[in-house]
Amino acid sequence: MSSSSQTDVNTGPEMQEDWTYKAEMPMLPEKYQNGFWSPAMAKHRKEYVKVMVPMLCVVVVVMWLVLPTYWGSLGEAKEHIPNLTGYLVNRDGDGALGQTMIQSFMDNTAGLGVAPHAHLTWFIVDGSTLTDEQVIQHVVDEKVWTAVVVNANATQMLINARNIGDATYNASRAITHWYNQARNENAANSYIVPYTSALLQGTLAVFNAEFTGQFLVSAVTNGTAISTAALAPVTVSQPFWYTQFNLRPFTKTVSSAMLLVGNIYITIFAFMLTIAHDGARRVIHPYLRFRSYIGLRIIAPLIIYIPISFSYAMISLPFHVTFGDKYGYAGGFFLFWLFVYMGMAALGLSLEAMITVLTPRFTPFFLLFLVIYNVSTGTIPIELQPKFYRFGYGFPIYNLSIATRTIIFNTHSQLGKNAGIILAWAAFSCITIPLFTWWMRKAEVRAHESQADAPEKRP
């Protein structure tokens, strides 16, 4: 065959069609050989933008939905300081000190002489209605945040000490101030102690000067009174003062990690386990009956939370957290572990439920909602926040924090209530998990059946 005939065979219609097909195929960029703006990367850049731009918009929207909640929980605290209540108990009767204190505390409650909202709300209590033990118990039981007691016959005891020159007179026994720091250290350190101390010191500074002035005027012509009072100089220089008692000290600063940030860690650990469990169960869930699958989704996480929560609780042991203040060291530790486990179950199962409908891609957004709305009520008392934040009373982290304070600092026990709310969250998730799973699984089964019924394609 001649050379021209061979050329005609090689350029026949079939070969020309193959060349045309190859010309129409898109050029794929070679791996590891292109810059981001290379022409060959145009299709991939478009796919990248399609993923990132919507996600950027979602992040911004979620940011504005969630973060203002936390900002708002702290932004108006000073406007709600009057929601913190206290007792002024007058045991001095009609004595000058007792009556002065009553008037001063009433004026303070009305906001006289102080900046707007820069005061507590004081209830005036007759000294005959409550004993000191009862006053202390009211503060410990969190019926009030603090209590100031003008002790019995304080005015007359000062007069008697001047008259006889009693050098043992102690001015600080005139008034007693009780407070409960461990109820909330932020409120105690920032508002209760500073505001009460300022009120007491301001009132006593003015009253002491007036009371001493009156005595000096009356004793001008009475040399005996002056000489006798000189034997007890404190009765002239500072006739009345006060003593503070912290009924439940916030003794361990490491406890702060367990009260708020640690609860965030619990939620994050639960989220990590949820993501891992989602990947693991995808391998076997298509082969399980619905009942077995629900058992796997609920029981497996509850088992996994046992060693994780115990490990978390043990981290506090080397730092000498005071587990023994109320229930004994061993009892306090295991009770703390139990609450950590219940908290992890409440938070983790809620994530387990939501990952069903949100998928792993969008579950982190629910995690953000879960964390922010829980911790918004955990830093300062809900009494110092707008009414909107009263939802915190029914959230797991708030109740876990309150229970932890009871175990560590022997504060007022609400363990039954705290446990009930936390377990209610876990129980609710045990309802939503089957519902969400049934809904999603129904779609999966329908897709599987339609695929199985489809006729096989013939070549």
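## The largest nonpolar core

In this predicted model, the largest nonpolar core has 39 residues, of which I266, F323, F336, F339 and L351 touch the most other members. A nonpolar core is here a set of buried Ala, Val, Leu, Ile, Met, Phe, Trp, Tyr and Cys residues joined through side-chain atoms within 4.5 Å. Buried stands for under 20% relative accessible area, exposed for over 50%, and partly exposed for values in between, with a 1.4 Å probe and protein chains only. At least two residues of this core come from each of α10 (255-281), α11 (290-314), α13 (329-375), α14 (396-409) and α15 (415-453). Helix α13 gives the largest share, 17 residues. Helices (H or I, at least four residues) and strands (E, at least two) are DSSP runs, numbered from the N terminus.

Which residues are in contact with L351, leaving aside its neighbours within four places in sequence? They are T267, A270, F271, T274, T363, F366, L367 and L370, where contact means heavy atoms within 4.5 Å. Another core, of 34 residues, lies apart from the largest one and includes L97, F105, L120 and Y242. In soluble globular proteins, nonpolar side chains tend to be buried together.

## Basis of the model

Residues are numbered from 1 along each chain as its sequence is written, and side-chain values use heavy atoms, with hydrogens and water left out. Because the model is predicted, local features need pLDDT of at least 70 and side-chain atom pairs count only at pLDDT 80 or more, while totals for chains, interfaces and linings use all residues.

## The sheet

Five strands form an open sheet with mixed pairing, in the order β2-β1-β3-β4-β5. Two strands pair if DSSP finds at least two bridges between them. The edge strands, each pairing on one side only, are β2 (121-126) and β5 (242-246). From one strand to the next, the twist averages 20 degrees. Strand β1 (residues 85-90) runs parallel to β2 and is joined to it by six bridges; G86 stands opposite W122 in β2.

Helix α5 (residues 132-140) lies across β1, β3 (146-150) and β4 (175-179), and runs at about 160 degrees to β3. Such angles run from 0 to 180 degrees between N-to-C directions, and the axes are lines fitted to C-alpha atoms, for helices over the stretch in contact.

## Salt bridges

The structure holds eight salt bridges, each a side-chain nitrogen of Lys or Arg within 4 Å of a carboxyl oxygen of Asp or Glu. One of them joins D132 and R91, with the closest N and O atoms 2.9 Å apart. This pair links distant parts of the chain, as D132 is in helix α5 and R91 is in the loop between β1 and α4 (96-109), 41 residues apart. D132 is partly exposed at 29% relative accessibility, whereas R91 is buried at 18%.

A salt bridge also joins R405 and E185, whose closest N and O atoms are 2.8 Å apart. Because R405 lies in helix α14 and E185 in helix α7 (residues 185-218), the pair ties together parts that are 220 residues apart in sequence. R405 is buried, with a relative accessible area of 4%, and E185 is buried at 11%. D278 and R282 meet in a salt bridge of 3.0 Å, N to O. D278 is buried at 5% relative accessible area, while R282 is partly exposed at 46%. Salt bridges that share partners join D278, R281, R282, R297 and E352 into one network.

## Aromatic pairs

The structure holds 28 aromatic pairs. Rings of Phe, Tyr and Trp (its six-membered ring) pair if their centres lie within 6.5 Å; planes under 30 degrees apart count as stacked, over 60 as edge-to-face and the rest as tilted. The pair of W178 and F245 is stacked, because the ring centres are 4.8 Å apart and the planes are at 25 degrees. W178 lies in strand β4 and F245 in strand β5, so parts 67 residues apart in sequence are tied together. W178 is buried at 12% relative accessible area, whereas F245 is partly exposed at 38%. Ring pairs also link F310, Y312, F323, Y329, F333, F334, F336 and W337 into a cluster.

## A buried threonine

T437 has its place in helix α15 and is buried, at 2% relative accessibility. Leaving aside neighbours within four places in sequence, T437 is in contact with F290, Y293, I294, R297 and T356.
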